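Subject: Structure handover

Hi there,

Here is the structure I promised to pass on to you. Please open it alongside this message.

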Amino acid sequence: MPETMQTVSLGATALPNVAERRLTIAEALREAIAEEMQRDPDVFLIGEDIGIPGGFGGAFGVYLGLPEKFGHERIIDTPISEKAIAGAAIGAALMGMRPIADMQYADFLFECMDELVNQAAKMRYMSGGKLKVPMVMRAPVGTTNRGAQHDQCPESFFMHVPGLKVVCVSDAYTAKGILKSAVRDDNPVLIFEHKLLYGSKGRQSAGGLDLTAHVPPEEYLLPLDKAVVKREGNDVTIVATHLSLYRALAAAEVLAQEGISCEVIDPISLLPLDTETLWSSVRKTGRLAIVHEDTLTGGWGAEVAARAADECLFSLQAPIKRIATYDVPLPFAPILEQAVVPTVERIIMTIRTMCE
């Protein structure tokens with residue numbers, strides 16, 4: 001069985017009662033995809049092992065039940081070729097379809113750099129707006145003891161590419177609303193999801209969190225360019241995504257007992273970036289820390305730090321800090337892996353030094 005997967009079928013009887021509708025991210029993504037496929041016949045799924053009878057429903061169980069509901073003409077299994085998946089999805093999007101492409105592991109996006117960077121991202125600009133590329137690509141990220149080629153967080157690479165939209169979802173409510181909006185967007189959207197956040201309970205390395213969230217049964221969409229303040233505070237602004245967001249919230253809880261009030265923000269969208277929400281917080285707190293699982297050098301935190309220095313320099317009471325994975329290939333050994341990624345303890349120690 002794939003990790004943290006719940007074998008919930010698409011049928012309404014398998015979902016919780018409306019009054020207690022708490023879904024996992026995997027369930028929320030599945031529901032979003034089903035609703036969009038139901039709404040628009042041009043929406044289809046394409047990827048590896050996503051519709052095999054008796055299979056896992058994709059690498060992390062997100063697609064369970066969808067092939068039975070929509071058939072294999074709209075749930076398309078491919079050979080093991082990420083390049084082919086990206087090329088087919090982009091071609092279909094250019095012809096008016098709205099594909100949702102599955103990348104299994106975000107590390108495999110590097111197989112598709114020409115398709116994504118040179119083709120999908122630039123077609124609308126190069127055609128003077130005559131061509132659209134309404135494609136969604138889902139890409140799981142994050143350390144899960146899979147080693148240097150299956151655990152990376154490469155979202156920063158794609159922040160460098162005008163024409164793409166880059167979003168990171170960290171809870172079920174956001175995941176559903178963002179995915180539905182992404183499907184309806186006329187630009188290519190990359191959605192990065194952390195592998196340890198799919199299920200109802202994270203592994204021990206995820207802190208054993210309750211990862212379900214209330215997801216209303218009625219349809220809703222969320223903007224692709226808005227950050228969310230997850231915790232209000234007055235002394236330090238912490239910007240974090242994915243599992244690092246939960247670790248930042250845990251650190252904020254500990255620091256609150258020491259009298260340090262942390263404002264924790266989930267940017268959700270990295271490209272475009274909601275600087276209005278971020279800088280408003282930084283001007284209030286006077287301190288900024290950025291936490292992510294990408295490596296330190298060239299990670300998206302570097303871009304946020306540079307822009308903050310441009311916009312908020314005279315509001316800062318301490319140097320901006322980035323708390324990131326060390327600049328090494330990700331180790332396979334679980335102990336070593338957790339030694340290089342940002343931990344709650346490392347976040348706490350860094351914030352303390354900022355407030356001394």
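Predicted model: local features only at pLDDT ≥ 70, side-chain atom pairs only at ≥ 80, totals over all residues.

Overall chain

The chain has 356 residues and a radius of gyration of 20 Å, which agrees with the value near 21 Å that a compact globule of that length would have. Along the principal axes, its C-alpha atoms fill a box of roughly 60 × 45 × 40 Å. Of the 356 residues, 58% count as buried. The secondary structure comes to 12 helices and 14 strands. If we take the contacts between residues at least 6 apart in sequence, 79% of them join residues at least 24 apart.

A helix pair to look at

How do α1 and α7 cross? Helix α1 spans residues 25–39 and helix α7 spans residues 172–184; their axes come within 8 Å and cross at roughly 30°. Angles under 35 degrees count as roughly parallel, so α1 is roughly parallel to α7. The crossing of α1 past α7 is right-handed.

Which residues make the contact between α1 and α7? From α1 come I25, A28, L29, E31, A32, I33, E35, E36 and R39. On the α7 side they meet A172, A175, K176, L179, K180, V183 and R184. Sorted by class, this contact of α1 with α7 has 9 nonpolar and 7 charged residues, with no polar ones.

Best wishes

Definitions and conventions: Residues numbered from 1 in each chain as written. Heavy atoms only, no water. Axes fitted to C-alpha atoms, helices over the stretch in contact; angles between N-to-C directions. Helix = DSSP H or I, 4+ residues; strand = E, 2+ residues; numbered from the N terminus. Parallel < 35°, antiparallel > 145°, perpendicular 65-115°, else oblique. Left-handed = near helix turned anticlockwise from the far one by under 90°. Contact = heavy atoms within 4.5 Å. Nonpolar A, V, L, I, M, F, W, Y, C, P; charged D, E, K, R; others polar. Rg over C-alpha atoms; globule rule 2.2 N^0.38 Å. Buried < 20%, exposed > 50% of the residue type's maximum accessible area, 1.4 Å probe, protein only.
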